[in-house]
Amino acid sequence: MASNIRFLHPYVSEGLRAAGIMGAGDILAQTVVEKKSFKDIDLIRTAKYGSLGMLFVGPVLKYWFGLLDRQIRGKQGVQRALKKMAVDQAIMAPSLNLAIASLVGLINNEKPGDIAERLKTQYPDIMKTNYIIWPAVQILNFGLIPLRYQVVFVQTIAVFWNCFVSQRLNEKLADKTPQLLDEQEKSL
């Protein structure tokens, strides 16, 4: 039993950190982007978004960064950091963003068709923005930050990322669908 607790402790710790950071990102989205006063913050929405950090994002990232570190060997440096970033952005970024976008719909009791529509209209924009921000962050993370602090570093930057993602995923889909489709057609 004690060994099980020792095994779970780092995952629970990362989950708690991710919950706080994702919750903070949602509060920023509501107050700064959506211009709500503090008394009008939707605490249920914040708790739901934060719970994704606790139960999913924190533990997944803890495992993922350890796996990357074990699989991509070599001296710490630019070449290793670039390899880790490339694998992270090719595998984890699209998977994690897709999972979060889907899970937000589920925790908000959206119908499967609405979730699919949200993914179709918002996921491309989320990924486009991801590839503008995260490759540089991950090169710094993998090149300079010790493994035990990598999730904390990423989650600190992610406060602002989560503000963006929370705001995007909590927009009223009906209000944004025509505008998003127009933007997608122009980018093609």
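User: Why is Asp26 called buried in this predicted model?
Analyst: In this predicted model, Asp26 has a relative accessible area of 0%, and because buried means under 20%, Asp26 is classed as buried.

User: What makes the contact between Asp26 and Arg45 a salt bridge?
Analyst: The closest N and O atoms of Asp26 and Arg45 are 2.7 Å apart, and since a salt bridge requires a side-chain nitrogen of Lys or Arg within 4 Å of a carboxyl oxygen of Asp or Glu, the pair qualifies as a salt bridge. The pair links distant parts of the chain, with Asp26 in helix H1 and Arg45 in helix H2, 19 residues apart. Arg45 is buried as well, with a relative accessible area of 10%, and Asp26 and Arg45 also belong to a network of salt bridges that includes Glu34 and Lys36.

User: How do you know that Asp69 and Lys84 form a salt bridge, and are these residues buried or partly exposed?
Analyst: The closest N and O atoms of Asp69 and Lys84 are 2.9 Å apart, which falls within the 4 Å cut-off, so the pair counts as a salt bridge. This pair, too, links distant parts of the chain, Asp69 lying in helix H2 and Lys84 in helix H3, 15 residues apart. Asp69, at a relative accessible area of 22%, is partly exposed, whereas Lys84, at 1%, is buried, the cut-off for buried being under 20%.

User: What makes Glu14 and Arg17 a pair separated by about one helical turn?
Analyst: Glu14 and Arg17 are three residues apart in helix H1, which means that about one helical turn separates them. Their side chains meet in a salt bridge, with an N to O distance of 2.9 Å. Glu14 is buried, with a relative accessible area of 4%, while Arg17 is partly exposed at 38%. A search of the whole structure finds nine salt bridges.

User: Why is Val12 called partly exposed?
Analyst: The relative accessible area of Val12 is 40%, and because partly exposed lies between the 20% limit for buried and the 50% limit for exposed, Val12 receives that label. Val12 is found in helix H1, which spans residues 2-33, and together with Leu8 and Leu16 makes a nonpolar surface patch of about 270 Å².

User: How do you know that Ala136 is partly exposed?
Analyst: Ala136 has a relative accessible area of 47%, and since exposed means over 50% and buried under 20%, the label for Ala136 is partly exposed. Ala136 is placed in helix H4, and its C-alpha is 8.5 Å from that of Met85, although Ala136 and Met85 are 51 residues apart in sequence.

User: What makes up the lining of the largest cavity?
Analyst: The lining divides into 14 nonpolar residues, six polar and one charged. The space in the largest cavity is about 260 Å³, and of the 21 lining residues, the closest to the centre are Leu61, Leu96, Trp134, Val154 and Trp161. Helices H2, H3, H4 and H5 each supply at least two residues of the lining, and the largest share, seven residues, comes from H3.

User: Why is the pattern of the protein written as α-α-α-α-α-α?
Analyst: The secondary structure comes to six helices and zero strands, so the pattern read along the sequence is α-α-α-α-α-α. Of the 188 residues of the protein, 43% count as buried.

Definitions and conventions
Residues numbered from 1 in each chain as written. Predicted model: local features only at pLDDT ≥ 70, side-chain atom pairs only at ≥ 80, totals over all residues. Heavy atoms only, no water. 1 Å grid on protein atoms, 1.4 Å probe; cavity = no way out; pocket = protein on both sides within 12 Å on 5 of 7 lines; lining within 4 Å. Points joined across faces, edges and corners; volume = space filled by probe spheres on them. Helix = DSSP H or I, 4+ residues; strand = E, 2+ residues; numbered from the N terminus. Nonpolar A, V, L, I, M, F, W, Y, C, P; charged D, E, K, R; others polar. Patch = residues over 30% accessible without salt bridge, like charges linked within 9 Å, V, L, I, M, F, W, Y side chains within 5 Å. Areas by Shrake-Rupley, 256 points an atom, 1.4 Å probe, with all protein chains shown as cover. Buried < 20%, exposed > 50% of the residue type's maximum accessible area, 1.4 Å probe, protein only.
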